[in-house]
Amino acid sequence: MADSYASVNEVERLVANVNEAANKFKHAAGGDANLARRNLHLETQRLLASLEEPNLEINAAVAVEVLKDLNIWSKFEGGKTISHAEIVDISGADEIMIIRIFRQLTAVGVLADIPGPGYALTPLGKPYLNPDHVSFNNFLLHDIVPTILAMPRTMAERGYKAPTKDSGTPFKWLHGEELWTWMGSHPDHVPDMIAGMRSHNAGNLSGDAYPFGKELAQLDIKDDEVAIVDIAGGQGHTMAELRQRYPEVKGRLIVQDLLSTFQAVSGPPPGVEFMPHDMFTPQPVKKAHVYLFPSHLPRLERQRLRHLCTTSCAIIKRAAEEQIVVGRSGLA
Ligand SMILES: C[S@@+](CC[C@H](N)C(=O)[O-])C[C@H]1O[C@@H](n2cnc3c(N)ncnc32)[C@H](O)[C@@H]1O
C-alpha cells in the first residue's frame, strides 16, 4: 500500500480545506449552518480518506444489526455504559462472540471500551439511538449490499456498458427489476427503507433546509388549494415535519409516491394526503403552489430525466410564469 499514500502536499491541501470549512461553519447561521456542517463533514471525510487504508466496513454494519436484534442500542440512552457481563447475560451468547461482535464497533469508533469492562457510545455512535439510523443500516445491508457484491459479475456480463433506461441499474441486473418496484413485492422491506430515508433528515431536516414558512406565507394560499406536492416523498415524513414546524401554513400537502410505499403504512401523517403516482407519468395535480422534486433527479440517467421533464415541464413553465415556487425534497 505504501506507494498509494497521498503526498504530504496533498494532505496539507486537504487540511487547509478542512480549516476553511471549519471557519465557515463557525460563522454560519440558521439554515446555512446545516450546509456548512455538511461541508465540513465532507472535507473531513476527504482528509480521512487520504490517510486511511481501504476498508470495507461491512463487518461494522453486521454488528449494528446484531445489536438491534439484541435490543441493545436503547440501553445506551442517557449516556449509560453497559457492562460486558450484562450483555453476555442479556444475549445468552458465548462471551468470545460478544467480544468479537463489539470489537467491530469499537474499531470503527462507534463504541468506546470502558474499564469494567463495558461499552459506551461515542459521538459517532450516538445517531444509533435513533432507530431510523439502524433502519438505514439494515436497508443498506439487506437491499443494497447484495447488489454491490454482485457487481463484478453483473458488470462483466454486460461488457461494462453504462446503465440505460432499458438495461436498468445494477439492482435490476441482479434482481430483474428496479429497487422501487422490487419493494412492492417485498413489503416487509419498505419500513426500513422509509425509516432510512427519514434518517437522512434527522437533525437537519428538509423542513428547514428551505424557508417554507416564509415563502408560503407570501403566496396567500387558501385552505382548499394545494400548497405542496412532494413528488416521490416516501411516506410523508418531510410534509409531516413541515406541518409540525409551520402550523400556520394553509392549503393541502400532497405526497406522491408508488402505491406500494403507501401500502406499507396504515395512512398518511395528520394534515397530509397520500396520492399514488408514478412520477414518470403525467402529473395529475395541475395547480399547486409548490412542487418538490426528489433530490436524486440530477443522478437520473439522461433519457429518464428527459422523460420526467416531458411529464412535468408544462407545469414548471406555468409555475415560473405565475411565480409558484418550485423546490425539491431532500435538499442534499
Ligand atoms: C430516495 S427515496 C426519497 C424519499 C423522500 N423524498 C426523502 O427525501 O426522504 C425515493 C422515493 O422515491 C420513490 N419512487 C421511486 N420511483 C418512483 C416513481 N417512479 N414514482 C414515484 N415515486 C417513486 C420511492 O418509493 C421512494 O419513496
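Predicted model: local features only at pLDDT ≥ 70, side-chain atom pairs only at ≥ 80, totals over all residues.
## Residues around the ligand

The ligand is surrounded by 15 residues. Ala 232, His 237, Asp 257, Asp 278 and Met 279 are the closest of these.

By residue class, the shell around the ligand holds six nonpolar residues, seven polar ones and two charged ones.

## Polar contacts and burial

At Ala 232, a polar atom of the backbone is 2.8 Å from a nitrogen atom of the ligand. At Asp 257, the polar atom belongs to the side chain, and it lies 2.6 Å from an oxygen atom of the ligand. Thr 261 also contributes a polar side-chain atom, which lies 3.1 Å from an oxygen atom of the ligand.

The ligand exposes 600 Å² when it is taken alone, and the protein buries 90% of that area.

## The three-stranded sheet

Another part of the model is an open sheet of three strands. The strands are arranged in the order β1-β3-β2, and their pairing is antiparallel. Strands β1, residues 82-83, and β2, residues 111-114, are the edge strands, and each of them pairs on one side only.

Strand β3 covers residues 118-121. Two bridges join β3 to β1, and these two strands pair in the antiparallel sense. Which residue of β3 is the bridge partner of Ile 82? The partner is Tyr 119.

Definitions and conventions:
Residues numbered from 1 in each chain as written. Heavy atoms only, no water. Near = heavy atom within 4 Å. Polar contact = N/O pair within 3.5 Å; in protein donor to acceptor, adjacent residues only side chain to side chain. Areas by Shrake-Rupley, 256 points an atom, 1.4 Å probe, with all protein chains shown as cover. Nonpolar A, V, L, I, M, F, W, Y, C, P; charged D, E, K, R; others polar. Pairing = 2+ DSSP bridges. Helix = DSSP H or I, 4+ residues; strand = E, 2+ residues; numbered from the N terminus.
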